[in-house]
Amino acid sequence: MNKVILIGRLARDPEMRSTMSGSSVTRFTIAVTRTYQDQNGERGADFINCVAWRKQAENIAKYCVKGTQVAVEGRIQTGSYDAQDGSKRYTTDIICDNVTFLGTKGDSLNKENNYSSNTNDHYSASDIPTSDISEDPYKDFGEEIALTDDDLPF
């Protein structure tokens with residue numbers, strides 16, 4: 001079985017292109033925090049290349065930017081090609097079956113961020129723009145809703 005589930009933040013803005021047949025394809029890289037800490041107590045990150053197709057590719061390109069947190073479900077696909085200098089290059093990508101948007105690019109500023117800026121030149125925690133969250137997103141829902149313990153499923 002070839003199944004991958006990852007949660008991370010986009011290391012740079014996604015890049016969308018179209019194939020000759022008109023299918024959309026978006027390539028993006030996510031930074032996934034490692035579970036262990038180094039001698040200084042810092043956690044590194046792995047930068048994993050992902051590929052999404054069709055409508056999912058269009059949604060990622062439209063709604064995600066560098067720093068957006070996503071959950072990716074998919075499969076590992078390896079390949080190789082001959083570079084212009086004649087050397088053989090190998091690739092490893094996650095082909096996305098499902099991408100779930102978990103948070104906006106500014107959400108990480110309210111939480112501890114463990115990404116190391118030394119891990120990759122394209123991404124650091126200080127690169128994530130802030131967002132204004134002072135306005136109540138539920139203000140148009142009307143009056144208060146009262147819940148009892150019997151209303152909860154747990």
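This is a predicted model: local features need pLDDT of at least 70, side-chain atom pairs count only at pLDDT 80 or more; totals for chains, interfaces and linings use all residues.
Residues are numbered from 1 along each chain as its sequence is written, and side-chain values use heavy atoms, with hydrogens and water left out.

The strands come first, where helices (H or I, at least four residues) and strands (E, at least two) are DSSP runs numbered from the N terminus, and where two strands pair if DSSP finds at least two bridges between them. Strand β5 (residues 69-82) runs antiparallel to β6 over 14 bridges, and the two form a hairpin with five residues between them, Gly86 in the turn having a positive phi of about 90 degrees. Strand β6 (residues 88-103) also pairs with strand β4 (residues 43-53), here in the parallel sense and over two bridges.

Gly74 belongs to strand β5 and is buried (under 20% relative accessible area, against over 50% for exposed and in between for partly exposed, with a 1.4 Å probe and protein chains only), because its relative accessibility is 0%. Leaving aside neighbours within four places in sequence, Gly74 is in contact with residues including Lys3, Val4, Ile95 and Cys96, contact meaning heavy atoms within 4.5 Å. Val4 lies 70 residues from Gly74 in sequence, yet their C-alpha atoms are 5.2 Å apart. Lys3, in the segment before β1 (4-10), is partly exposed at 47%, and its side chain joins that of Glu73 through a polar contact of 3.4 Å. A polar contact is a pair of N or O atoms within 3.5 Å; within protein, one must be able to donate a hydrogen and the other to accept it, and residues adjacent in sequence count only if both atoms are side-chain atoms.

Thr26 sits in strand β3 (residues 24-37) and, with 0% relative accessibility, counts as buried. The side chain of Thr26 reaches the backbone oxygen of Ala57 at 2.8 Å, and among the residues that Thr26 touches, beyond those up to four places away in sequence, are Cys50, Val51 and Glu58.

What separates the sulfurs of Cys50 and Cys96? The structure holds zero disulfides (pairs of cysteine sulfur atoms within 2.5 Å), and for Cys50 the nearest cysteine sulfur, that of Cys96, is 4.7 Å away. Both residues are buried, Cys50 at 0% and Cys96 at 7%.

Side chains of opposite charge can pair when their charged atoms come close. With a salt bridge taken as a side-chain nitrogen of Lys or Arg within 4 Å of a carboxyl oxygen of Asp or Glu, the count comes to five. One of them joins Asp93 and Arg27 at 3.7 Å, N to O, linking strands β6 and β3 across 66 residues of the chain; Asp93 is buried at 10%, whereas Arg27 is partly exposed at 45%. Another joins Arg34 and Asp46 at 2.7 Å, between strands β3 and β4. Glu58 and Lys55 form a salt bridge whose closest N and O atoms are 3.9 Å apart, and because these residues are three apart in helix α1 (residues 54-63), about one helical turn separates them. Lys55 is exposed at 54%, while Glu58 is partly exposed at 32%.
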